[in-house]
Amino acid sequence: MKNKLFWRLCAFIALGTVLLFWAIAWLTNHTETSMSFIDKVHQETLYSYGEEAERIYLEKGESALAAYLKEVRVKENTWLAVVNSQMTTFADTEMQAEFLDRFQIGRSPEWKIHLYFSENPIMEVPFVDDTTHFLIQLPQHMRPGSLLLASRLSLQIALPLVILSLFSFMLYRHLMSPLKQLEKATKEFANGNLEARAMAAMPKRNDELTRLAQTFDKMAQRTSSLIYNQRSLLADLSHELRTPLARIDMAIDFVEQDINREQALSRLRYEASTMRELVEDTLTFAWLNTESPRLNTDDFDLVELINVICEDARFEYPDRELYVATPEHANIEQSSQLALGQALENIIRNALRHTPLQSKVSLTLVRQDNNYVITVADEGSGVPESMLNAIFEPFFRVDKSRATKNYVHAAKRSGFGLGLALAKRQIAAVGGEILARNQHEHDKAATDTITDSKNTTLCLKTGLVITITLPA
């Protein structure tokens with residue numbers, strides 16, 4: 001589901017809002033209900049007034065009752081009376097005019113009091129005969145709800161503030177926990193720790209923030225890989241440049257001392273050309289490796305390109321046989337003729353360089369579904385299985401296990417170890433793939449036969465096989 005964080009926050013806020021209103025409503029109702037009853041001490045006081053009035057009336061008569069009621073009236077500063085069921089007062093008491101129209105029955109001291117009425121209610125304590133009633137308007141100091149205003153302010157201001165602060169803190173933690181991990185990883189990466197990653201310490205969740213952390217990790221991985229590659233490339237380049245620079249220094253000494261002047265000048269031209277080629281290949285490799293461009297501007301015939309490259313290779317290596325088996329045409333679109341041509345040239349020359357004299361290198365081109373598959377196989381000694389992937393790394397050589405003095409002309413450079421590395425990046429830039437494997441006489445590949453453009457049957461032996469897959 002997209003926008004998981006958005007929906008999670010919506011659900012969190014909606015739930016929090018509902019819980020906030022529910023909590024306020026419940027607490028308000030509960031608080032007001034609990035505050036709407038007369039305190040137990042005051043209830044007992046009211047009952048004691050009624051019981052005492054009944055005792056005095058029964059034992060001492062109405063005059064004594066009148067005196068007692070006057071005493072209570074002064075003490076509590078309120079209205080009170082004793083009436084019978086016909087609403088007739090006695091003991092020098094009288095009904096107030098405002099109560100005559102609406103008075104039906106007094107409230108028991110145990111009943112709930114309406115806190116929002118401005119007037120205090122009339123409380124009733126019946127005598128034993130149930131026909132005589134002691135009535136008293138609730139004294140102000142006994143009225144419940146004295147803390148109503150403070151409670152309402154607390155419930156309407158303090159409680160929402162506390163709950164919203166709690167929700168905000170939880171929301172902040174939910175959002176900031178991955179962001180802090182991302183910030184920590186970013187600082188570590190910026191301070192030079194190229195292995196710093198955000199997802200390693202990220203809480204288990206799947207939303208936009210974790211995807212941001214994953215994106216950061218991918219960026220960090222690519223950046224650190226590029227930095228390591230650049231460092232390695234610079235180190236290898238400096239190492240490779242030492243030898244031609246040393247030879248140039250020696251050649252300059254020969255020229256200055258007029259020793260084998262022509263040979264020294266020839267050596268200077270050769271080493272300068274070597275260094276130029278090395279620097280150009282290194283810069284091209286660095287550009288391809290760093291930018292990862294997509295080269296797709298050319299449409300051309302792949303067979304024609306292969307034939308041109310192979311003719312040049314046959315001229316350069318006349319002591320080896322290069323067999324080619326291709327269809328008449330293989331049109332390829334949205335590719336790069338220059339990049340693919342350089343890649344094929346490096347691969348073919350690498351195969352010829354590591355093939356013994358009078359041996360064969362074969363190249364086949366076939367169409368498989370929506371791809372073109374180019375296979376280049378030599379008859380060298382192959383590459384150790386553990387090094388098959390490493391041969392596509394810059395400045396990597398396996399000459400000790402793969403080449404001998406019989407294989408390489410002394411007049412030709414054996415390469416800098418950049419050819420296959422460049423080829424891999426160039427083929428990737430046109431959307432293709434390259435793989436390497438060894439073939440042996442007991443493999444199926446050794447018994448397969450292919451036919452070149454001259455209908456010559458080829459039998460593969462041992463050696464290295466490089467397969468290139470290109471989108472048609």
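Biologist: On what basis is the model read?

Modeller: This is a predicted model, in which local features need pLDDT of at least 70 and side-chain atom pairs count only at pLDDT 80 or more, while totals for chains, interfaces and linings use all residues. Residues are numbered from 1 along each chain as its sequence is written, and side-chain values use heavy atoms, with hydrogens and water left out.

Biologist: How are α6 and α7 oriented to each other?

Modeller: Helices (H or I, at least four residues) and strands (E, at least two) are DSSP runs, numbered from the N terminus. Axes are lines fitted to C-alpha atoms, for helices over the stretch in contact, with angles from 0 to 180 degrees between N-to-C directions. The axes of α6 (residues 208-256) and α7 (residues 261-291) come within 9 Å and cross at roughly 175 degrees. Since angles under 35 degrees count as roughly parallel, over 145 as roughly antiparallel, 65 to 115 as roughly perpendicular and the rest as oblique, α6 and α7 are therefore roughly antiparallel.

Biologist: How many nonpolar residues does the contact of α6 with α7 have?

Modeller: Ala, Val, Leu, Ile, Met, Phe, Trp, Tyr, Cys and Pro count as nonpolar, Asp, Glu, Lys and Arg as charged, and the others, Gly among them, as polar. By these classes the contact of α6 with α7 has seven charged residues, five polar ones and 19 nonpolar ones.

Biologist: What is the geometry of the aromatic pair Phe6 and Trp7?

Modeller: Rings of Phe, Tyr and Trp (its six-membered ring) pair if their centres lie within 6.5 Å; planes under 30 degrees apart count as stacked, over 60 as edge-to-face and the rest as tilted. The count by this rule is five aromatic pairs. In one of them, Phe6 and Trp7, the ring centres are 5.0 Å apart and the planes stand at 70 degrees, so the pair is edge-to-face.

Biologist: Is Trp22, which pairs with Trp26, buried or exposed?

Modeller: Trp22 and Trp26 form a stacked pair, 6.3 Å centre to centre with 20 degrees between the planes, and both lie in helix α1 (residues 4-35), four residues apart, about one turn of the helix. Buried means under 20% relative accessible area, exposed over 50%, and partly exposed in between (1.4 Å probe, protein chains only). Trp26 has 44% and is partly exposed. Trp22 has a relative accessible area of 55%, so Trp22 is exposed.

Biologist: Which residue is the bridge partner of Leu80 in β4?

Modeller: Two strands pair if DSSP finds at least two bridges between them. An open sheet of four strands has antiparallel pairing and the order β2-β1-β4-β3, with β2 (89-90) and β3 (122-126) as edge strands. Within this sheet β1 (residues 80-84), of whose five residues four are buried, pairs with β4 over five bridges. The partner of Leu80 in β4 is Ile136.

Biologist: Which residue takes a positive phi in the hairpin of β1 and β2?

Modeller: β1 and β2 are antiparallel and share two bridges, with Val82 bridged to Phe90 in β2. Four residues lie between the strands of this hairpin, and the one with a positive phi, near 65 degrees, is Met87.

Biologist: How far is the charged end of Arg367 from the centre of the ring of Tyr372?

Modeller: Seven bridges join β8 to the antiparallel strand β9 (residues 371-377), and Arg367 has Tyr372 as its bridge partner in β9. A charge sits over a ring if NZ of Lys or CZ of Arg is within 6 Å of the ring centre and within 35 degrees of the ring normal. The charged end of Arg367 sits over the ring of Tyr372, at a distance from its centre of 5.1 Å.
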